[in-house]
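Trainee: I would like to learn how to read a structure like this one. Where do we begin?
Mentor: Have a look first, then we talk.

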Amino acid sequence: MTIRMSRAWRVHSYDAGSLPSLDLLPVPEPGPGEVRIRVYASAISFVDLLLASGGYQWKPSPPFVPGSEFSGVVESLGTGDTLGLRVGDRVCGVRQGAWTEMLCLPASAAARLASADEPIDRENWAIEAAALMAPYATALYALRERAQLRAGETILVLGATGSVGYAAIQLGKVLGAHVIAAVRDPSKRDPVLAAGANSVIVTHDGWKDEAKS
């Protein structure tokens, strides 16, 4: 019997100077309610790098596969309810162990972007989708649950051209807020306006007073 293998980056040690290695691992089989994703792209976040270097508060026991954001195509379905996902569906999501070619996860953790027979009119869809879920989920939690933002309120978004800041602009508009975006460089004014910001402040001496006015 031939065992299918796939590549994955694995951390073998937290020692200083140790780097993840590209290992060959058996292709995992999806369990009940799970799907197997052929990963097309993985984002790399600050938290991922902290985790891989042993600097995060949660430290998995080596060897382990780091990474948390991915996009790809459903390759196999486990038994039971897989929430309507089908082989060939394009998906993205957040799941620990994403720096791999093959990833098994609960079907509920995979967000369908397009069905197997539905075209995606974006050449770089996998790259864009890999970094989609975490920033938008973070921004939504911050605005809706923590800040309890209500329609008609005003928000000031710092770091507006970062992934979470950019998501906060768009979600703030969806939630009915007046959005002020703060950027360091005047050249970043147009991108945040295109994202939906009502106005832009370039951070300089006195910018806080400008924002209050």
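Mentor: Start with one term: two strands pair if DSSP finds at least two bridges between them. Keep in mind that this is a predicted model.

Trainee: What holds the strands of a sheet together?
Mentor: Strands of a sheet pair through backbone hydrogen bonds, either parallel or antiparallel. Here, five strands form an open sheet in the order E6-E3-E4-E5-E7, and the pairing is antiparallel.

Trainee: Which strands are at the edges?
Mentor: Strand E6 (102–106) and E7 are the edge strands, since each pairs on one side only. From one strand to the next, the twist averages 45°.

Trainee: How many bridges do E4 and E5 share?
Mentor: Five bridges join E4 to strand E5 (residues 90–94), in the antiparallel sense. Find Glu69 and look across: Val94 in E5 stands opposite.

Trainee: What lies across this sheet?
Mentor: Helix H3 (residues 133–146) lies across E4, E5 and E7. Relative to E5, H3 runs at about 55°.

Trainee: Which way do the side chains of strand E1 point?
Mentor: They alternate along E1 (residues 5–10). Ser6, Ala8 and Arg10 point to one face and are buried.

Trainee: Which strand does E1 pair with?
Mentor: Strand E2 (residues 21–26), through six bridges. E1 and E2 run antiparallel. Ala8 stands opposite Asp23 in E2.

Trainee: Next, aromatic rings. How do I describe a pair?
Mentor: A pair of aromatic rings is described by the distance of the centres and the angle of the planes. A search of the whole structure finds two aromatic pairs. One of them is Tyr14 with Phe64, at 6.0 Å centre to centre and 45° between the planes, a tilted pair.

Trainee: Where do Tyr14 and Phe64 sit in the chain?
Mentor: Tyr14 is in the loop between E1 and E2. Phe64 is in the loop between helix H1 (46–53) and strand E4 (69–77). The two residues are 50 residues apart, so the pair links distant parts of the chain. Tyr14 is partly exposed, with a relative accessible area of 26%. Phe64 is buried, at 9%.

Trainee: Why is the pair of Tyr40 and Trp125 called tilted?
Mentor: Planes under 30 degrees apart count as stacked and over 60 as edge-to-face, with the rest tilted. The planes of Tyr40 and Trp125 are at 45°, so this pair is tilted. Their ring centres are 5.8 Å apart. Tyr40 lies in strand E3 (residues 34–42) and Trp125 in helix H2, so the pair ties together parts 85 residues apart in sequence.

Trainee: Let me try two serines. Is Ser115 buried or exposed?
Mentor: Ser115 has a relative accessible area of 14%, so Ser115 is buried. Ser115 is in the loop between strand E7 (110–114) and helix H2 (125–130). Beyond its neighbours within four places in sequence, Ser115 is in contact with Arg86, Gly88, Asp89 and Arg90.

Trainee: And Ser108, buried or exposed?
Mentor: Ser108 is exposed, with 63% relative accessible area. Its place is the loop between E6 and E7.

Trainee: Which residues have the most contacts inside the largest nonpolar core?
Mentor: Ile155, Val157, Ala160, Ile169 and Val192, in a core of 19 residues. H3, strand E8 (154–157), helix H4 (163–174), strand E9 (178–183), helix H5 (189–195) and strand E10 (199–202) each supply at least two of its residues. H4 gives the largest share, four residues. A second, separate core has 12 residues, including Val74, Leu85, Leu103 and Leu105.

Trainee: What does Val192 touch?
Mentor: Setting aside neighbours within four places in sequence, its contacts are Ala160, Thr161, Ile169, Ala181, Val183, Ala197 and Val200.

Trainee: Last, how many helices and strands does the chain have?
Mentor: Six helices and 10 strands. Of its 213 residues, 39% count as buried.

Note on methods:
Residues are numbered from 1 along each chain as its sequence is written. This is a predicted model: local features need pLDDT of at least 70, side-chain atom pairs count only at pLDDT 80 or more; totals for chains, interfaces and linings use all residues. Side-chain values use heavy atoms; hydrogens and water are left out. Buried means under 20% relative accessible area, exposed over 50%, partly exposed in between (1.4 Å probe, protein chains only). Contact means heavy atoms within 4.5 Å. Rings of Phe, Tyr and Trp (its six-membered ring) pair if their centres lie within 6.5 Å; planes under 30 degrees apart count as stacked, over 60 as edge-to-face and the rest as tilted. Axes are lines fitted to C-alpha atoms, for helices over the stretch in contact, and angles run from 0 to 180 degrees between N-to-C directions. A nonpolar core is a set of buried Ala, Val, Leu, Ile, Met, Phe, Trp, Tyr and Cys residues joined through side-chain atoms within 4.5 Å.
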